[in-house]
Amino acid sequence: MQRISLTVRADAVEEVLDRLLPLLPAGVHPAEAGEGAVELAAYGAALPPRAELEALAAGALLGSDEQEAPDDPRERRRRFGRSWEVAGRLVVRPPDAPPGRAGLPELIVDSPAGAFGTGAHPTTRMCLELLLDLEPGGGFADLGCGAGVLAIAAARLGWAPVFAVDHEPRSVEATARNAERNGVELEALRLDLLTAPPPPAPTLAANVPAAIHARIAAALAPAVVHVIVSGVTGSDLESVLGAYARAGLEPVDRRGGAWRAVLLERARG
Amino acid sequence: MVDAAARAGAAHGQLASALPGGGMALSCHKLVDDGARVQILHVPGLFRLDVRPVEDTLQVTTRSLHAAPTRWNTSDAPFADYGGEAREPSVVGFSFVVDAEPHPLAGRISLASTLDRDSGLTHFVAHAIVREVPRQA
């Protein structure tokens, strides 16, 4: 199988995709490629010639590349997985991806069976940004932990004890493996947040759908001081924030575009 | 428009046919890799619908390709089911109206998907109907 990638100007991506996607039944994998640039990688056994694809991106093209790629999609994800730098302070990457910028601490997170939260999704990175801005201390709970990246980051930064919960067994297993891989201590538990309250901790991160936020907010203990809220889009955000406001938490920091992440803090007094 | 859709979608497995009384029906199915943005329906000069599954979430992009203004709507709770256990397909609905002359065009789209977490692939089935809407006198 071939892999052909085009790096194009970010402001021209949609126009380039208008020309590329009709020719590529398996589509393209978009990825940020530095300031103002996006890489569009196509995989296939019978891709159009590289020169033809380059011509379709003419005017927006910044570079291109062509190489062999494994047929197995899991192998492709491992080989072409990338590292994500968060706020210039932390790198998240799958085990086989090249190391990030020298000198930055790394979280190595694998997701062999589809657990969410490897850093590929913008909500994970926004939650990490908000977490990095908090003063570490006391207990932390990652609600809907997926592959466990937020819990592992919290443990690495100094929160303790750290809980990581998810209703999917494969996510709990992935989190436990990733914690061991990163040499941090945490407790990974299977928990259905629709029916059970969050573990007791003053700092929570919940990167979950809006319906689950409503249940978390309704079950919130008075000892909770900070909640990092994500997993919601702009259309759901105000109702989610309203549920937390009824529990006494107000927004103090906001991130995001289509997807949102908000740091909530318990109002004083 | 039916012939153009059939030609444009042939490489994607998209089927397009005329409907009795005017309008057309479209359908397409694909198996999509995690992180890939893929065209799932395309009518040249009218619209394109792209899907992009990323981990537990689904991004759907609607592209309006007609010169006249197009209004898109989604069903009430469009993406709540995506990424859950694969007991039944997650289904989301879209509709659009193009203020074309002499008659507006109205479309309804149904998009079903099932995520296979072991492989990281998502099955998609998309079906659409597009019809002219007579203007009220």
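Hi everyone, let's start with the inside of chain B: buried residues make up 39% of its 137 residues. Buried here is defined as having 20 or more other C-beta atoms within 10 Å of the residue's own, with those C-beta atoms placed from the backbone.

A quick word on what we have. This is a predicted model, where local features need pLDDT of at least 70, side-chain atom pairs count only at pLDDT 80 or more, and totals for chains, interfaces and linings use all residues. Residues are numbered from 1 along each chain as its sequence is written, while chains are lettered from A and ligands numbered from 1 in the order in which they are written.

So what is chain B built from? It has one helix and nine strands, taken as DSSP runs numbered from the N terminus (helices H or I, at least four residues; strands E, at least two).

Six strands of chain B form an open, antiparallel sheet in the order S1-S2-S9-S8-S7-S6, where pairing takes at least two DSSP bridges between two strands. At its edges are S1 (15–18) and S6 (70–74) of chain B, each pairing on one side only.

Let's look inside that sheet. How many bridges join S2 to S9 in chain B? Ten bridges do, between residues 24–33 and residues 121–132, and the two strands run antiparallel.

Finally, the C-alpha trace of chain B spans about 55 × 30 × 25 Å along its principal axes.

Note on methods:
A residue is buried if 20 or more other C-beta atoms lie within 10 Å of its own, exposed if 12 or fewer, and partly exposed in between; C-beta atoms are placed from the backbone.
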